[in-house]
Amino acid sequence: MQSNASFWEAVLGAAASLRSSKLRSFLTLLGIILATTTLIAVMAVINGMNHYIAENVSDMGADGFRVQRMVMIGQFDPKKYLEMQRRNPELSREEFDFLKSHATMLQDIGMESDRQTKVHYGSEQVDGVEIDGVSPNMNTLANVEVTLGRFFSDSENQRRQQVAFIGNDIRTRFFPGGNPLGKTLSIEGRPFDIVGVAKAKGSVFGESQDNFVMIPVETYFKIYGARRGLGYRARAISPTYVFRAQDEVRMLLRSFRHLRPNQDDTFAIFSSDSLVSAWDRITGSIAATAVAVVSVFMVVGGVVVMNIMLAVVTERTHEIGIRKAIGARRVDILRQFLVESSMLAASGGLIGVCLAWMVALFVRAVTPVPMAVPLSAVLISVTLSASVGLFFGIYPAQRAAKLDPIEALRAEK
């Protein structure tokens, strides 16, 4: 009971000491404030991006994957990119038919190809629209939600009909407040009847995901040909079989292309896990750099706290002598200064939390970078800053506790 009372007495005394010298306390804490702000800001970016990538970037789902001519995930390597351009042939319709008839681990598979062009409706025009030629099953393979109308059918694909499924950007630009179903768009002078509208997805790093028009893949091949830019989307029979499905597709494609065992793949297969793994590698590098910066700031801040606490001990030597003369024990003096240094550093951590939170709000308001401050980052930062104060406060506290009461009383007030 006495120990608890002594502890709270130390807390109140430390709080009074901090209030009495606000400017000195603030200047003392600059290093810890910067360290805490940096740590939380980096963790907020990583946390926000993790959620963002999981929810928006990958549309393949847990059981889906894609096959492309070549893919660069993570750090761009120009030499590797040029080598893949030289080595990897375009995917073909014959390979798609071969996979579709021989794969046993796939629930479904579809083709896709795309290009960018202008789209007209009456006198209105939208530039840079992504025209996607896709299989009729692409709405399920790519997790495309229909908000109005329907997706085009297999019959419309086989008959190469000029029908279109549009993104939300096209709808809001050409038909604000109106019903686009049954209306006719013009794509490079060719009329396409709108049969459906996709649910809005928003943007990724400021790039809209809703500025597209999907048309039947056979219609796309009829207009633009099937020799370039073809890719496949596939879905495994269940999420637990996704890696086995990828291995089966890899084996079948290598067999179709007559690749020897010692030859590299001349195509690329990737899934949501591939994107997440690449992002984890990037965030690992960011986190390592942040830890180095935060460590420097924390050490500098801790040294400053120790120097200030030594100055405080010198200033309050007479007070320490009085406390010892009236019965204060060494442990009481030690506790008082340890509590004071810990509270000093922890208050710096709290200021850093507030600054980081304001930075996150500002960044989210003016940039497309998603930031979400996790509670764990706040707890880690405050605990770390308090621990730094405790560690660097040990020497000043011990020095205060070891003062001889008679010598301390002789010190000038």
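Biologist: Which helix holds Thr36?

Modeller: This is a predicted model, with residues numbered from 1 along each chain as its sequence is written. Local features need pLDDT of at least 70, side-chain atom pairs count only at pLDDT 80 or more, totals for chains, interfaces and linings use all residues, and side-chain values use heavy atoms, without hydrogens and water. Helices (H or I, at least four residues) and strands (E, at least two) are DSSP runs, numbered from the N terminus. Thr36 lies in the helix of residues 30–57, H3.

Biologist: Is Thr36 buried or exposed?

Modeller: Buried means under 20% relative accessible area, exposed over 50%, partly exposed in between (1.4 Å probe, protein chains only). Thr36 has a relative accessible area of 0%, so Thr36 is buried.

Biologist: Which residues does Thr36 contact, leaving aside neighbours within four places in sequence?

Modeller: Contact means heavy atoms within 4.5 Å. By that test, the partners of Thr36 are Met298, Gly348, Gly349, Gly352, Val353, Ser381 and Ser385.

Biologist: How are H5 and H10 oriented to each other?

Modeller: Axes are lines fitted to C-alpha atoms, for helices over the stretch in contact, and angles run from 0 to 180 degrees between N-to-C directions. The axes of H5 (residues 93–102) and H10 (residues 242–256) come within 10 Å and cross at roughly 130°. Under 35 degrees is roughly parallel, over 145 roughly antiparallel, 65 to 115 roughly perpendicular and the rest oblique. H5 and H10 are therefore oblique.

Biologist: Which residues of H10 make the contact with H5?

Modeller: H5 brings Glu94, Glu95, Phe98, Leu99 and His102. H10 answers with Glu248, Val249, Leu252, Leu253 and Phe256.

Biologist: What is the relative accessible area of Arg254?

Modeller: Arg254 lies in H10. Its contacts beyond four places in sequence include Asp264, Asp265 and Phe267. Arg254 counts as buried, because its relative accessible area is 14%.

Biologist: How far apart in space are Lys402 and Arg330, C-alpha to C-alpha?

Modeller: Lys402 is in the loop between H14 (375–401) and H15 (405–410). Lys402 is exposed, at 56% relative accessibility. Not counting residues up to four places away, Lys402 touches Lys324 and Arg330. Lys402 and Arg330 are 72 residues apart in sequence, but in space the distance is 7.0 Å.
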